[in-house]
Amino acid sequence: MRPYRHRVNYYETDKMGITHHANYIHWMEEARIDFLDQIGWGYDRLEALGVVSPVIAVQCQYKASTTFNDRVDVAVSVRGYRGPRLTIGYEMRKEDGTLVLTGESEHCFLDREGKFLRLAKVLPEFDEALRAQAALGEKSGETK
């Protein structure tokens with residue numbers, strides 16, 4: 001899986017010239033969208049099928065700062081998948097390999113009325129794609 005690359009924009013920095021901490025959460029979302037596109041299940045496709053996937057939890061640990069024009073690679077992995085609940089892991093690194101952030105986001109899958117979806121029944125192909133990504137995470141020791 002190809003990491004998502006983000007270039008730090010000037011407006012993402014604070015008065016000290018350092019990236020404001022809230023922007024890293026945005027980059028997690030950008031990387032998650034890219035990840036889903038890479039596995040063939042982009043948000044636009046899911047929403048057209050009536051599936052929404054809200055964030056139910058997010059956590060991160062900041063390891064190093066970034067500044068304007070830094071290039072940050074965001075590696076995404078499925079750390080856990082149990083039917084209606086998905087945990088995605090993130091690792092951000094600068095071009096020189098410096099670890100910037102580790103984090104996770106948890107998601108659930110709902111229909112348009114807000115009812116939980118059992119993807120194995122409703123979208124078995126998507127369920128299989130997520131299970132395959134979780135298995136890759138297990139092989140690398142990243143799953144919970």
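Modeller: Let's start with a term: a salt bridge is a side-chain nitrogen of Lys or Arg within 4 Å of a carboxyl oxygen of Asp or Glu. This is a predicted model, where local features need pLDDT of at least 70, side-chain atom pairs count only at pLDDT 80 or more, and totals for chains, interfaces and linings use all residues. Residues are numbered from 1 along each chain as its sequence is written, and side-chain values use heavy atoms, with hydrogens and water left out.

Colleague: Okay, how many salt bridges turn up in the whole structure?

Modeller: The search covers the whole structure. Using the definition above, the count comes to 7.

Colleague: Which residue does Arg 2 form a salt bridge with?

Modeller: The closest N and O atoms of this pair are 3.4 Å apart, and the partner is Asp 34. The pair links distant parts of the chain, 32 residues apart: Arg 2 sits in the segment before β1 (4-7), its partner in helix α1 (residues 23-38). Helices (H or I, at least four residues) and strands (E, at least two) are DSSP runs, numbered from the N terminus.

Colleague: Is Asp 34 buried or exposed?

Modeller: Buried means under 20% relative accessible area, exposed over 50%, and partly exposed in between (1.4 Å probe, protein chains only). Asp 34 has a relative accessible area of 14%, so Asp 34 is buried.

Colleague: How far apart are the closest N and O atoms of Glu 91 and Arg 93?

Modeller: Glu 91 counts as partly exposed at 32% relative accessibility, and Arg 93 does too at 31%. These residues form a salt bridge, and the distance is 2.9 Å.

Colleague: Now Gly 50: which residues does it touch, leaving out those up to four places away in sequence?

Modeller: Gly 50 lies in the loop between α2 (43-48) and β2 (55-62), and it is buried because its relative accessible area is 9%. Contact means heavy atoms within 4.5 Å. Gly 50 and Leu 110 are 60 residues apart in sequence, with 8.3 Å from C-alpha to C-alpha. The residues touched are Leu 110, Asp 111 and Arg 112.
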